[in-house]
Amino acid sequence: MSYPHQIKSLEQYNEAYKKSIENPEEFWGEIAENFTWKKKWDKVSNWNFKEPNIKWFEGGKLNITENCIDRHLAERGEQPAIIWEPNNPEEKTRIVTYNRLHKRVCQVAQMLTNLGVKKGDRVCIYMGMIPELTYAVLGCARIGAIHSVIFGGFSAQSIADRLEDASAEYIITCDGAYRGNKDIPLKSVIDDALIGNKTVKKVIVYTRTRTPVSMIKNRDLWWEDEMEQAEEQVEKNGKVSFPAVEMDSEDPLFILYTSGSTGKPKGVVHSTAGYMVWANYTFVNVFQYQPGQVHFCTADIGWITGHSYIVYGPLSAGGTSLMFEGIPTWPDAGRFWEIVEKYKVDVLYTAPTAIRSLMAYGLDFVNNKDLSSLKVLGTVGEPINEEAWQWYFKNIGKEKCPIVDTWWQTETGGIMISNLAGVTPHKPAHATLPLPGVNPCLVDENGVEILGNSVSGNLCIKQPWPGIIRTTYNDHERCRTTYFSTYENMYFTGDGCLRDADGNYRITGRVDDVLNVSGHRIGTAEVENAINMHSGVVESAVVGYPHDIKGQGIYAYVIYDNKHTADENLTKQDIIQTVSRIIGAIAKPDKIQFVSGLPKTRSGKIMRRILRKIAEGETSNLGDTTTLLDPNVVDEIKNGALL
Ligand code: WT7
């Protein structure tokens, strides 16, 4: 496979960028020629941001799995598509070739068809990081079922909400998952999520940990049994086949839930053709991937990073994607580097929080490994601080590997602002320049564009790119109000941003009430709702504060009616337990301060600005507090602050 759309020089980048903005139709029409279509598109793009109504490659027919699998079989059927490294280094590695991937995906497609799954049905996938998760995702895509992958760290309640929102009828899960020294009982979480659920018809369970599970008659099925039956059906005379369902370019490919500033996560919907083109184009260009290289993205497929840069990006490029089941610090903090050495990894793509946590363990875990295969390093998920950037550059890349600092979002489908490895220059702690097709701008609170360089503002995008969000599932109006109504005729990212003297972008963080904890997006309102579920809680307010490893930590101010116990610590544990139950362990507050009141304006709005400053350790410059209903609570909160 060659990549005619891979940009090889700064001049080519400038040229491609100019054309993509001035003549997007021609630009993306040419790029789309690099894919396999059942029928070519009639119109490259058709859009307005008002409704919004965004279409790419309208009239085109395709199936993304033919682009990710079938088209590679002739040339590279025996090349590894997936290299799987288990949680426990003593366990055997699995190498999945393109031929094998093809067979397994056909089997899953057949299995789902046998169970009655049809094009457009929603299938929820709640599994650990094992190859079967990729088979499940691609098996859905092969028959046009819409997959909704839920990260293994979410609680039963979160799953129940997502199942209901998507009215999902099918679930694919595992008995359990390994993570470090823990076994996580996934099926049992699903069982809790299904109490009271009215839509789910079948639950398919893959055996990973052989934990005891309750299998409910007529509802729960073992993956192994169903796949065995499907194997006989898809394999005839030694040849495997299962026809890939013909999809319209704009047919939804998947839903992925993400948090916003309201209490309820929303189902971001991505389309088939536009998403495919964007995931592939960004993968090939940002990482400068070369055929045969080993690409190691350390994310979980439960997040968009895993969708785009473990599954769809690398596989659509005929690449080799390394999938890791475990965590960076188990059995020890050398786990990533051991994997790099073992598989001669070329591209390593990880999160700043992982880098910061590994930095803290010192260089003994790094320096005894051979990292000489590395060519490109990447980061994603949150701003990377200069210290972590330098550590990564020096100790992991040995000052030879460019670092791509990739800014993007669940809603953007793929990377939006980043240098292209070795092609456009990197700059520590800067995402640098927009990819072709991305037209960013900075605006002030009134939506007036801020021109020129050395300026800052709210980051918006002025034109659609192929991978842009199409809708929020079941609630198009929410998509419009969240992203397309704050500023007229622009997509609003929710991020604050600086543009330096050379036009490089530096994303500074969210400007809405959304936290970024270890690279995961969590809405403050969502955490507050969960805290408020606890019986003794009267009211709460949640803000972020700088955290050495996580980037942001969760600080909760809680008004508590203390009737049951005088033990404050026990009460805090109760509240933390409640948040784990309602959202999941990822949303647990790091600090809880009990207060008798919250700083509110006369109209009853909580002044988060003040709470944020106190959580950050700032006690003098709190700004104007005279408009507060009761200015005295500020002193009380300041005096009790947990720093
Ligand atoms: C938010 C999106 C995109 C996959 C992972 C997170 C922050 C993301 C960067 C970066 C600074 C970044 C933004 C963005 N973010 N990448 N390179 N530099 N900030 O996806 O959960 O949708 O979160 O993550 O604040 O809005 P997500």
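Pro52 sits in the loop between strand E1 (43-48) and strand E2 (53-58), where helices (H or I, at least four residues) and strands (E, at least two) are DSSP runs numbered from the N terminus. Past H11, in the loop that runs to strand E20 (347-350), comes Lys344, which has a positive phi of about 50° despite not being a glycine. For context, most residues other than glycine have a negative phi, and most peptide bonds are trans.

A word on the model: it is predicted, so local features need pLDDT of at least 70 and side-chain atom pairs count only at pLDDT 80 or more, while totals for chains, interfaces and linings use all residues. Numbering runs from 1 along each chain as its sequence is written, and side-chain values use heavy atoms, with hydrogens and water left out.

On to the domains. The protein splits into domain 1 (10-495) and domain 2 (518-639), with bounds from an automatic or database domain assignment. Their centres, taken over C-alpha atoms, are 33 Å apart. Contact (heavy atoms within 4.5 Å) involves 22 residues of domain 1 and 20 residues of domain 2. Together the two bury about 1,500 Å², 50% of it on carbon and sulfur atoms; this is the accessible area (1.4 Å probe) lost on putting the parts together, summed over both.

Between the domains there is 1 salt bridge, meaning a side-chain nitrogen of Lys or Arg within 4 Å of a carboxyl oxygen of Asp or Glu. Glu411 and Arg521 form a salt bridge through their side chains at 2.8 Å, N to O.

As for the ligand, 17 residues surround it, the closest being Asp405, Thr406, Thr410, Asp495 and Arg521, on a cut-off of one heavy atom within 4 Å. A backbone N or O atom of Glu382 lies 3.4 Å from a ligand nitrogen, and a polar backbone atom of Pro383 is 3.4 Å from a nitrogen atom of the ligand.

How values were computed. Polar contact = N/O pair within 3.5 Å; in protein donor to acceptor, adjacent residues only side chain to side chain.
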